[in-house]
Amino acid sequence: MDTQSLQAFLAVAEAQSFSRAAEQLHLTQPAVSKRIATLEELLGTRLFDRIGRRIALTEAGSVLLPKAQHILFTVDDSRRALANLSGQVGGRLTLATSHHIGLHRLPPLLKQYTQRHPEVALDLRFLDSELAYQGIVDGTLEIAIVTLAPHPVEQLHVVELWRDRLCFVCATDHPLAERSRQSPGPLSLTELCEFNCVMPGAKTFTRTLISQRFIEAGLTLPVSMSTNYLETLKMMCSVGLGWSLLPENMIDNELVELPVDTAPIHRPLGYLVHTNRTLSNAARKMIEELENTRGARK
């Protein structure tokens, strides 16, 4: 059972398409089909059902999937361990980050890293934090720098580097802004819930953090629209589509920060790696750069 056939199997399973898998692997579609056929012949069973244009795993394919992921994970881990013996910092570093962190936290760090280690081919992927977590778990990513999950995740080493204070904000001409100007004290969570809000997606770590505060107060967020991109949330909020919570460093003259009678809400940001993965020298150097930012929290 060769690793190339297993790679083709995983690519087809993920893409649910032979043509998309071929593009991902930089192969022709017949080459991918041949590798799958070789693997099926070796195992004596079909791995995919081909119904029209739809590709789906058979029962045997579903059984093989986690085994194949584990085999390739182990092979890659062995290669990294051997490559590390040379002490050289090079090769490919697969790193994921969220759009917000990539725009607001990482540019100086990435610039310094690439200047210090020009032999490293940085494979930077912008992903939602939740998808980045899954990528670390299944071994497709070496490091992720994202919003951290509210609860520990087994087999992951997680390090908090920064904390974002999330501020209640609205447009300058929103009714809540006027109410805040006229009110002698802070607004209540109940008052906020009289108006629609725009929030991160329901399954995001940030939304979970925000929702929990309102659940504890016996309230339900009146969400009218949602998106996982904070820059888009800022735009939606600034044009009056609803109030929101945004990191402090995103507030400008288009928004008004609302004083609200509740404890500050902070979301942790940091990096994570798999505890069972042998990190490449390139990854170790990246972690050194990240650790050096600990004193620069905002």
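Are Phe168 and Trp243 buried or exposed? Both residues are buried, where buried denotes under 20% relative accessible area, exposed over 50%, and partly exposed the range in between (1.4 Å probe, protein chains only). The structure is a predicted model, in which local features need pLDDT of at least 70 and side-chain atom pairs pLDDT 80 or more, whereas totals for chains, interfaces and linings use all residues. Residues are numbered from 1 along each chain as its sequence is written, and side-chain values use heavy atoms, with hydrogens and water left out.

**Figure 1. Overview of the chain.** The chain contains 12 helices and 11 strands; helices (H or I, at least four residues) and strands (E, at least two) are DSSP runs numbered from the N terminus. Along the principal axes, the C-alpha atoms fill a box of roughly 75 × 50 × 30 Å. Of the 298 residues, 45% count as buried. Among contacts (heavy atoms within 4.5 Å) between residues at least 6 apart in sequence, 73% join residues at least 24 apart.

**Figure 2. The aromatic pair Phe168–Trp243.** The ring centres are 6.2 Å apart and the planes lie at 40°, so the pair is tilted. Rings of Phe, Tyr and Trp (its six-membered ring) pair if their centres lie within 6.5 Å; planes under 30 degrees apart count as stacked, over 60 as edge-to-face and the rest as tilted. Phe168 belongs to strand E6 and Trp243 to the loop between helix H11 (230–238) and strand E9 (244–247), so the pair ties together parts 75 residues apart in sequence. The whole structure holds five aromatic pairs, and ring pairs also link Phe9, Phe18 and Phe48 into a cluster.

**Figure 3. The largest nonpolar core.** This core has 22 residues, and those with the most contacts inside it are Leu93, Ile143, Ile145, Trp162, Tyr271, Met286 and Leu290. A nonpolar core is a set of buried Ala, Val, Leu, Ile, Met, Phe, Trp, Tyr and Cys residues joined through side-chain atoms within 4.5 Å. Elements that give two or more residues include strand E3 (91–97), strand E5 (143–147) and helix H12 (281–291). H12 supplies the largest share, five residues. Another core, of 20 residues, lies apart from it, with Phe195, Leu221, Leu245 and Val260 among its members.

**Figure 4. Packing of helices H1 and H3.** Helix H1 (residues 3–15) and helix H3 (residues 29–43) pack at an angle of about 110°, with their axes 9 Å apart. Axes are lines fitted to C-alpha atoms, for helices over the stretch in contact, and angles run from 0 to 180 degrees between N-to-C directions. H1 and H3 are therefore roughly perpendicular; angles of 65 to 115 degrees fall in this class, while those under 35 are roughly parallel, those over 145 roughly antiparallel and the rest oblique. The contact involves Gln4, Ser5, Leu6, Ala8, Phe9 and Val12 of H1 and Val32, Arg35, Ile36 and Leu39 of H3.

**Figure 5. Helix H10 and the residue that follows.** The 12 residues of H10 (residues 205–216) should span 16 Å at 1.5 Å a residue, and the end C-alpha atoms are 17 Å apart, which agrees. The expected span is 1.5 Å times one less than the number of residues. Buried residues of H10 are Phe205, Thr206, Arg207, Ile210, Ser211, Arg213 and Phe214. After H10 comes Gly218, with a positive phi near 75°.
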